[in-house]
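Thanks for coming. I have one model to show, and I will go from a surface feature to the whole chain.

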Amino acid sequence: MNSDQIFQLFAYLIPSVVTGAIAFYFFRMHTNNEEGRRRFLLHKDSQKDTLPVRLQAYERMALFLERIAIPSLVVRVAPQSNDKGAYENLLIKSIETEFDHNLSQQIYMTDECWNIIKAAKSATIQMIRKAAMSNTETADKLREDILNETMDKTSPSATALSFVKKEIGDLW
């Protein structure tokens, strides 16, 4: 083989190699695009199924936060006796029972949101315990003290509820 034949061989070979490389590049782009499209469609289908469940979880936690807000809690849970300690325990038990009932909702929300809800629950319990440490003697007086102490403050439930609303807004 002389140099002229080698040059002719390269002259025929180079366009086919370039054509093959371009075809490979476009085929690869096409498969990546199709893979992304399939992934998007799967995500879209799963969102269609999971979004209502997630919204329901947020709805239930909003209801929980409304139910443990001090004014609604104290109005809804009346003292069963005149014992202030028993009333304090009844309020805390009501919060814990409500929380335990909604415990499974955490799998549908972010960790940050769940932690804020738990913090609101704990802060509400702390507010009740703090009010119970006063010198009141009856459950009705404790009820008044709890309401008076929390009147001027922003409720932990309200803060958590605003975060839940913000997070629901981020779902859209």
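Which residues make a nonpolar surface patch of about 950 Å²? They are Ile6, Phe10, Leu13, Ile14, Val17, Val18, Ile22, Tyr25, Phe26 and Met29. A word on provenance: this is a predicted model, in which local features need pLDDT of at least 70, side-chain atom pairs count only at pLDDT 80 or more, and totals for chains, interfaces and linings use all residues. Residues are numbered from 1 along each chain as its sequence is written, and side-chain values use heavy atoms, with hydrogens and water left out.

Patches take residues with over 30% relative accessible area and no salt bridge, joining like charges within 9 Å and nonpolar side chains (Val, Leu, Ile, Met, Phe, Trp, Tyr) within 5 Å. A salt bridge here is a side-chain nitrogen of Lys or Arg within 4 Å of a carboxyl oxygen of Asp or Glu. Areas are Shrake-Rupley values with a 1.4 Å probe, and for residues only the protein chains shown count as cover.

Take Phe26 from that patch. Phe26 sits in helix H1, residues 3–68, and is partly exposed at 49% relative accessible area (buried is under 20%, exposed over 50%, partly exposed in between; 1.4 Å probe, protein chains only).

Now the whole chain. The protein chain has six helices and zero strands (DSSP runs numbered from the N terminus: helices H or I, at least four residues; strands E, at least two). Its C-alpha atoms fill a box of roughly 115 × 25 × 20 Å along the principal axes. Of the 172 residues, 30% count as buried. The accessible surface comes to about 11600 Å², with 59% belonging to carbon and sulfur atoms.
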